[in-house]
Amino acid sequence: MQIRQADKHMQTSLWGIAKRSQQDGRHRFGNMYSLLNERNLHWCLPQLNKRASSGIDKESWQDFHKDASSNIIKMVDALKRGVYKARLILRRYIPKENGRRRPLGIPVVGDKLLQYAAGLILSAIYEADFLPFSHGYRRGKGPQRAALALSQSIHRGRYRWVVDADIKGFFDNLDHDWLIKMLEQRVNDRRFLGLIQKWLKAGILDKDGKIIFPATGTPQGGVVSSVLANIYLHYALDLWFERVVKKWCKGDAMMIRYADDFVCCFQYYGEAKAFYRTLAKRLGKFNLELSKEKSRMFRFTRFETEKSNVFSFLGFEYYWSRSRKGKPLVMMRTSTKKFQAALAALRSWIKAERSKLGTRELFVKLKQKLQGHFNYYGVCNNSKRLWSFYREAIRIMYKWFNRRSQRRSFNWTVFNEMLKYYSIPRPQIIAYW
């Protein structure tokens, strides 16, 4: 009974917030803090990632869930009495394609739960404000849709010039004071804003044992960080492009953004150049820096396909080709870096796990990895790269699976039968314009 009541309470509240936000774009929402109650947190708990890494207390989701009622009661009581403190965030690093490492912040389960509930509330408020070309961390959108939207817009538009921009260390340099000012445009609840500030200022336990108290930024991996990042760029970048840049452009102009990755297209060279020059100054106003190494302006147009560049966005390469009827067509394919990185990761996995896992487990894992790759990169006109990935992945699997012992286990005929038996997927186009 409690679950049904919580379900009704939380969903009804979010629906009411979203409706009011749509009706009044200037309304400032109060009493958000009271929504972080026991019933709503019980409803949010099953929606957390149950396999996520544990925080500094080494408590998993399963451990927290065993005594969920007591844990949630203690958290809500601390919130009511104003003594809640955000726990230290555990920092871990994952390798990037350029050899560097991306820092991730892992909160404890209790903080994840509160952040998830707060993120739902903020999303309900701001979903009506976010512009259509913003695809990051929004329900019903995603990186693949953003990539397809860019391809479709360029193909149908009159654009000739592209600005491919990247913000340097966005999640590390997000300004806390600016973020609170932005949130105050729609949130009129000091306790709720104070809670967000506690998460922003929470100490970070680094791998070397040092505790860092950040003056800027929001940890990548934090449950609420994605929503806060989207809100920040909505005010710092999206509204400026929609209300200022597009107004002084005489030609067509458009932007597609996913998180801190965005591409802008212009019809005229002068307007693209002016935007590129102004962009760094605009970002600097909000203490953000344009990455000079990863940002550039170049020609990309159906009217001069031979002179157009090739560029990458969200794991895809964009280039001009010709349709069967000889008409110019924007093509998408898996970017070379992502293609090579995916094969390298697969090779490392099979070499490390071939002696630890049984045959069934290995093939089930292989099936999951291939299906995930095809689900994302299975877009129209990418068949060649998909099949190249499939053939190379199967070759890698065959090579290292045969090395589990000193004797060769099987030949290609037997291996192909195993692929059929375990229903290993083949490349398939699943996403079209």
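How many of the seven residues of strand 11 are buried? Six of them are, and strand 11 is therefore described as mostly covered, where buried means under 20% relative accessible area, exposed over 50% and partly exposed in between, with a 1.4 Å probe and protein chains only. The views below come from a predicted model, in which local features need pLDDT of at least 70 and side-chain atom pairs count only at pLDDT 80 or more, whereas totals for chains, interfaces and linings use all residues. Residues are numbered from 1 along each chain as its sequence is written, and side-chain values use heavy atoms, with hydrogens and water left out.

**View A. Strand 10 and strand 11 form a hairpin.** Strand 10 (residues 316–322) runs antiparallel to strand 11, and seven bridges join the two; helices (H or I, at least four residues) and strands (E, at least two) are DSSP runs numbered from the N terminus, and two strands pair if DSSP finds at least two bridges between them. Five residues lie between the two strands, and in the turn G326 has a positive phi of about 85°. Within the pairing, W320 stands opposite V330 in strand 11.

View B. Strand 1 (residues 89–95) pairs with strand 2 in the antiparallel sense over six bridges, whereas strand 1 and strand 4 (residues 204–205) run parallel and are joined by two bridges. L90 has I106 as its bridge partner in strand 2 and stands opposite L205 in strand 4. R92, in turn, stands opposite L104 in strand 2.

**View C. The buried residues of helix 12 line one face of the helix.** Helix 12 (residues 336–353) has 18 residues, which at 1.5 Å a residue should span 26 Å, and its end C-alpha atoms are 26 Å apart, which agrees; the expected span is 1.5 Å times one less than the number of residues. F339, A342, L343, L346, W349 and I350 are buried in this helix. Seen down the axis of helix 12, these buried residues fall within an arc of 125°, so they line one face, the arc being that of the directions from the helix axis to the C-beta atoms. K337 and Q340, on the other side of helix 12, are exposed. The buried residues of helix 12 pack against strand 11 (328–334), helix 13 (359–377) and helix 14 (383–401), a contact being heavy atoms within 4.5 Å.

View D. Among the buried residues of helix 14 are L386, F389, Y390, W400 and F401. The 19 residues of helix 14 should span 27 Å at 1.5 Å a residue, and the end C-alpha atoms are 26 Å apart, which agrees.

**View E. The largest pocket is lined by 44 residues.** A pocket is an open set of points, on a 1 Å grid over the protein atoms alone, with protein on both sides within 12 Å along at least five of seven lines, while a cavity is a set where a 1.4 Å probe fits but cannot get out; lining residues have an atom within 4 Å of a point. The volume of the largest pocket is about 2,000 Å³, a volume being the space filled by probe spheres set on the points, which are joined across faces, edges and corners. K96, R102, D166, D261 and K294 lie nearest the centre of this pocket. The elements that each supply at least two residues of its lining include strand 1, strand 2, helix 12 and helix 13.

**View F. The largest cavity has a volume of about 70 Å³.** Of its 13 lining residues, Q115, W199, T218, P219 and S225 lie nearest the centre. Helix 9 (190–201) and helix 10 (225–248) are the elements that give two or more residues to this lining, and helix 9 gives the most, with three.

**View G. L35 is buried, with a relative accessible area of 11%.** L35 has its place in the loop between helix 1 (2–23) and helix 2 (38–44). Not counting residues up to four places away in sequence, L35 touches H9, S13, I17, N40 and I121.
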